[in-house]
Amino acid sequence: LYAQVKEIAAKLDIKEEIPRVCRLQTARNNVPDSTEEENYRRAVYVTYLDDFCNSLKERFESHKETFASLQHILPEFCTKTDFYSLEAAFNFYEEYLSHKEVVQSEFMSWKEKWSQEKSENLPKTAISSLEKCDKTFFPNIYILLKLLAVVPVSVATVERSFSSLRRLKTYLRNTTSESRLNGLALLSIHRDIKIRDEEVFDKFASVPRNLDFVL
């Protein structure tokens, strides 16, 4: 990784050097080092990994048991366990599911379905499992897989939404209506979604208006 960074820095004519260290320094870490690589590993890389791990731990610590239990719905794990491993997840999401006996029976059928498959053919992720799950025969399993698939691993999307909103809702747009602001925010955040002109025209044409919308 450091070699790749050095290569990019060389192309941009950026010289690698150890930051100046002073005795009473408080703005950055005074890490002991002898080379540039060692300095960046201790001051940047290790610090980032430590902060990232702490963020994950803080986010999932309170729901660790539920999330670990929910993973047992995956075909890779359900063939090696029983319904009691899923009980914590069932208790947490009980309001979205059927009666416990129904879910238990459904889980046993789901387990039996994948027990007949070879281990290399078992879906390994929630998305791939969701694609192989028949919503008609396994409605509760389908719900649990959807919940597992949408569990966020970070708050980056939420933070990005706030940043976009800060750029959009300027002083000149302070009187923008909520619906327009939502539309602008969605366009700004989800720039990867392509929108065809025909879809926009159809949307405008479908709204009742005094004047005819003519292309």
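A salt bridge is a side-chain nitrogen of Lys or Arg within 4 Å of a carboxyl oxygen of Asp or Glu. The exercises below apply this to a predicted model.

**Exercise 1.** Decide what joins the side chains of R196 and E198.

*Solution.* 
- Step 1: Take the N to O distance, which is 3.5 Å.

**Exercise 2.** Find which residues are joined with R196 into one network.

*Solution.* 
- Step 2: Link them through shared partners: R196, E198 and E199 form one network.

**Exercise 3.** Are R196, E198 and E199 buried, partly exposed or exposed?

*Solution.* 
- Step 1: Recall the limits: buried is under 20% relative accessible area, exposed is over 50%, and partly exposed is in between.
- Step 2: R196 has 48%, so R196 is partly exposed.
- Step 3: E198 has 45% and is partly exposed.
- Step 4: E199 has 40% and is partly exposed.

**Exercise 4.** Work out which parts of the chain the pair K100 and E87 ties together.

*Solution.* 
- Step 1: Check the contact. The closest N and O atoms of K100 and E87 are 2.5 Å apart, and the pair forms a salt bridge.
- Step 2: Place each residue. K100 lies in helix α6 (residues 100–115), and E87 lies in helix α5 (residues 87–92).
- Step 3: Conclude. The pair therefore ties together parts that are 13 residues apart in sequence.
- Step 4: K100 is partly exposed, at 28% relative accessible area.

Terms used:
Residues numbered from 1 in each chain as written. Predicted model: local features only at pLDDT ≥ 70, side-chain atom pairs only at ≥ 80, totals over all residues. Heavy atoms only, no water. Helix = DSSP H or I, 4+ residues; strand = E, 2+ residues; numbered from the N terminus. Buried < 20%, exposed > 50% of the residue type's maximum accessible area, 1.4 Å probe, protein only.
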